[in-house]
Amino acid sequence: MRELLTELKSEGEDSVTDASQGNTPHQLAEQNNAAMELINSVTGVDEEGRSRQRILTFAAKRYANAIERNPEDYDALYNWALVLQESADNVSLDSTSPSKDALLEEACKKYDEATRLCPTLHDAFYNWAIAISDRAKMRGRTKEAEELWKQATKNYEKAVQLNWNSPQALNNWGLALQELSAIVPAREKQTIVRTAISKFRAAIQLQFDFHRAIYNLGTVLYGLAEDTLRTGGTVNPREVSPNELYSQSAIYIAAAHALKPSYSVYSSALRLVRSMLPLPYLKAGYLTAPPAGIPVAPHSDWKRSQFVLNHEGLQQASKNEQKQVTRSLSGRTGDFSPDRRAIRIEVPDIVSVSACADLTLPPGAGLCIETIHGPVFLVADSWEALDGWLDAIRLVYTIYARGKADVLAGIITG
């Protein structure tokens, strides 16, 4: 969520890199007066809102005075934009109040000025993108909305370029792309959706317990599954099938619910997708593995076999057990006892999970699971499949580390 009305920043290292586009003092005064008129005419929806608006109006006067003294004060412009943006959220339905869109448009002008004066002001690009997104939402699925969503994605991209360690910006970037994908022509949609998936995934990689990004990734995968099914499924056998996309979607939604079981939105979504999980597991699929207990073995000794993941750990299935897992994927409950000769990794033993590339591994998408007992190396069927395994294992560990393993257990075994 954006942080509004923060104290004026003191970024002494940043220098002014551009003039204010040649605006005369008279033009600046007119712009300031127009913005102040908007602020002054806002009435809150209740007493708390009116009290808040009085504070915002006072702050706006401070920033207007600061800009009159120094038209190149980008901090004052940025903070004034924040005031306008929050005032837009405070607009009542009273006909005497200015429109929310007018306030947001004025805020966007201030962000534009601030970023021209200081092109490295990443918070301004981020909040500017939020203001543009709010304007786009008011316009439905129109051409004007499409252009606004495109502007928003560009500003989120700039914010991330300037501050890569921002999971919230990546998440919002993904949401903007998701909204854009619903408006653009069909031929452009899938590329935008897959870009949105990459942004949500990047946000999760920065913050493993970021439940909003986890949930959003689940919803965008669900939408992709629906679209793929509606268009007749995949033509390329290397592409992920609709059923697999539904299963992936369910993993992320289940994980979001496990992290925040009190969120009703997550609970409702889980009821829709729970049956798409390979119950009683969170994930089931194939990995190429060395013989148990021999992490470095000749390539010829590595075998592709089925693995299952639940709240307790990652388990390799024997040939007989694989039949039980296959039956469970068809809707029949199947469980099995651990085979001592199979690879098994307990969740509490996990130290880290990462992609890897090593000449000692067979060709393919390498997966390294560092444990307290040493590393375990596996190879996924594809790089896309590797992303799914990496996310699923990290999510299970994060849920365990947050003390929510019992919630996940209830989802997949209840």
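View 1. The chain exposes about 20200 Å². Carbon and sulfur atoms supply 51% of that area. This is a predicted model. The chain has 414 residues, and buried residues make up 51% of them. It holds 14 helices and 7 strands.

**View 2. Contacts across the chain.** Here the topic is contacts between residues at least 6 apart in sequence. Of these contacts, 64% join residues at least 24 apart.

**View 3. Strand S7, residues 374–380.** Is this strand mostly covered or mostly uncovered? S7 is mostly covered. Of its 7 residues, 6 are buried, which means under 20% relative accessible area for each of those residues. In a regular strand, side chains alternate between the two faces of the sheet.

**View 4. The hairpin of S6 and S7.** Strand S6 spans residues 365–371. S6 and S7 form a hairpin, with 2 residues between them. How many bridges join S6 to S7? There are 7, and the two strands run antiparallel.

**View 5. S7 beside strand S1.** Strand S1 covers residues 283–289. S1 also pairs with S7 in the antiparallel sense. This pairing runs over 2 bridges. Which residue of S7 does Leu287 stand opposite? Leu287 stands opposite Ala380. S7 therefore has two pairing partners in these views, S1 and S6, since strands pair if DSSP finds at least two bridges between them.

Definitions and conventions:
Residues numbered from 1 in each chain as written. Predicted model: local features only at pLDDT ≥ 70, side-chain atom pairs only at ≥ 80, totals over all residues. Heavy atoms only, no water. Buried < 20%, exposed > 50% of the residue type's maximum accessible area, 1.4 Å probe, protein only. Helix = DSSP H or I, 4+ residues; strand = E, 2+ residues; numbered from the N terminus. Contact = heavy atoms within 4.5 Å. Areas by Shrake-Rupley, 256 points an atom, 1.4 Å probe, with all protein chains shown as cover.
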